[in-house]
Amino acid sequence: MSKQHLGHTARKRFGQNFLHDLFVIDQIVSAINPKNGEHLVEIGPGLGALTEPVCEQVDALTVVELDRDLAARLRTHPFMASKLTIIEADALKFDFATLINDDKPLRIFGNLPYNISTPLMFHLFSFANKVQDMHFMLQKEVVNRLAAVPGNKNYGRLSVMAQYHCHIMPVLHVPPEAFNPPPKVDSAVVRITPHQIKPVVVASEASLHKVCAQAFNQRRKTIRNSLKDSLNEQQIIELGINPDLRAENLSLQQFAQIADAAHRLELSNVSN
C-alpha cells in the first residue's frame with residue numbers, strides 16, 4: 001500500500017479508485033514516455049500515482065482536478081508543486097483548446113473516473129486536432145468498445161466515433177487489485193492517437209454523430225427502421241447498403257456514406 005492514501009478517502013461521487021500498484025504505474029508511465037518540452041496534461045491526478053513519476057521525468061505538467069481537497073494537496077506538494085499548473089475544473093466541461101499557447105499539441109493522460117469515461121471521450125474527440133496522443137486507464141469494457149470492429153457485440157457509437165477521430169491501441173490489462181478501493185471490474189490502458197488524416201471524409205461531423213446515435217439507440221432494429229428519420233429504405237439501397245443490416249454490421253465507411261446522404265437531404269430540404 002502506498003503512503004499516498006493516508007488521509008484521503010476515495011469519494012464515490014467522483015468515481016475515485018486510486019492506483020497503487022507500482023509495477024502497473026511504471027508500465028503506464030513507460031507507455032506515455034513523457035519528455036521535457038512536451039505539453040503534458042493529466043486529467044484527474046488524484047493522489048498523484050501517475051503525477052509523481054511523470055514529474056520525476058519532466059519539469060512542467062498541467063493537471064485538471066475537480067476535487068478541491070486533492071487540488072489543495074497538489075498545491076503544497078514538496079517536490080511537485082513548483083512543476084504543476086493546477087486547473088480546478090470539471091474535465092467534461094473544460095475547454096482543452098485554452099491550454100494551447102504555442103503550436104505544441106497536447107499529450108493527455110489519466111486514470112479516468114469510470115462514471116464519466118464515455119462522455120469524456122466524446123468531449124476530448126472534439127479537440128482531436130489539438131492533441132498528439134492520449135493514454136487513459138479505463139474500464140476494460142470501455143477499451144473493448146473503443147477498439148471493437150463491426151459485427152462485435154462491443155461495437156457501438158463510441159467505436160465508430162473513436163475510430164473516425166483516432167487510432168486506438170490497447171496497451172495493458174490492469175487487475176482490480178492494482179487500485180484502492182478495488183473496483184468490481186477489470187481495467188485497461190489504451191493509447192489513443194488522433195489521425196493526421198481522417199480514414200473517411202464526411203461533409204458534416206454533426207451528421208455522422210446523428211446517424212450513429214439514431215442507429216445505435218435502436219441497435220436491435222434494422223437500419224431500415226432505426227434510420228427512418230434520416231433516410232428511407234430506397235435511399236439506403238441507393239447507397240449500395242442493405243437496409244436489413246443492423247447498426248453493429250455497418251463499417252465506418254458505410255456510416256460516412258449514410259451521414260453524407262442524410263446531410264445532402266437536410267440541405268435540400270432547407271433550400272426548398
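User: In this predicted model, how many residues of strand β2 (residues 39-43) are buried?

Analyst: Five of the five residues in β2 are buried, and the strand is mostly covered.

User: How should I read the side chains along a strand?

Analyst: In a regular strand, side chains alternate between the two faces of the sheet. Now take β2. H39, V41 and I43 point one way. L40 and E42 point the other way. Each of these residues is buried.

User: Which strands pair with β2, and in what sense, parallel or antiparallel?

Analyst: Strand β5 (residues 106-111) is joined to β2 by four bridges, and the two run parallel. Strand β3 (residues 61-65) also pairs with β2 in the parallel sense, over three bridges.

User: Where does E42 sit in that pairing?

Analyst: Its bridge partner in β5 is F109. In β3, E42 stands opposite V63. E42 is also buried.

User: On to helices. What describes a packed pair?

Analyst: Two packed helices are described by the angle between their axes and the distance between the axes. Start with helix α7 (residues 205-217) and helix α10 (residues 252-271). They pack at an angle of about 110°, with axes 8 Å apart.

User: What orientation does that angle give α7 and α10?

Analyst: Angles of 65 to 115 degrees count as roughly perpendicular. So α7 and α10 are roughly perpendicular to each other. The crossing of α7 past α10 is right-handed.

User: Which residues meet between α7 and α10?

Analyst: From α7 come S207, L208, K210, V211, C212, A215 and F216. They meet F255, A256, I258, A259, A262, H263 and E266 of α10. By class, this contact has ten nonpolar, two polar and two charged residues.

User: Now helix α4 (residues 117-125) and helix α6 (residues 157-165). What are their angle and axis distance?

Analyst: The angle is about 25°, and the axes of α4 and α6 are 10 Å apart. Angles under 35 degrees count as roughly parallel. That makes α4 roughly parallel to α6.

User: Is the crossing of α4 and α6 left-handed or right-handed?

Analyst: The crossing of α4 and α6 is left-handed.

User: Which residues form the contact of α4 with α6?

Analyst: T118, M121, F122 and F125 are on the α4 side. R157, L158, M161, A162 and H165 are on the α6 side. The contact divides into six nonpolar, two polar and one charged residues.

Terms used:
Residues are numbered from 1 along each chain as its sequence is written. This is a predicted model: local features need pLDDT of at least 70, side-chain atom pairs count only at pLDDT 80 or more; totals for chains, interfaces and linings use all residues. Side-chain values use heavy atoms; hydrogens and water are left out. Axes are lines fitted to C-alpha atoms, for helices over the stretch in contact, and angles run from 0 to 180 degrees between N-to-C directions. Angles under 35 degrees count as roughly parallel, over 145 as roughly antiparallel, 65 to 115 as roughly perpendicular and the rest as oblique. A crossing is left-handed if the near helix is turned anticlockwise from the far one by less than a right angle, and right-handed if clockwise. Contact means heavy atoms within 4.5 Å. Ala, Val, Leu, Ile, Met, Phe, Trp, Tyr, Cys and Pro count as nonpolar, Asp, Glu, Lys and Arg as charged, and the others, Gly among them, as polar. Buried means under 20% relative accessible area, exposed over 50%, partly exposed in between (1.4 Å probe, protein chains only). Two strands pair if DSSP finds at least two bridges between them.
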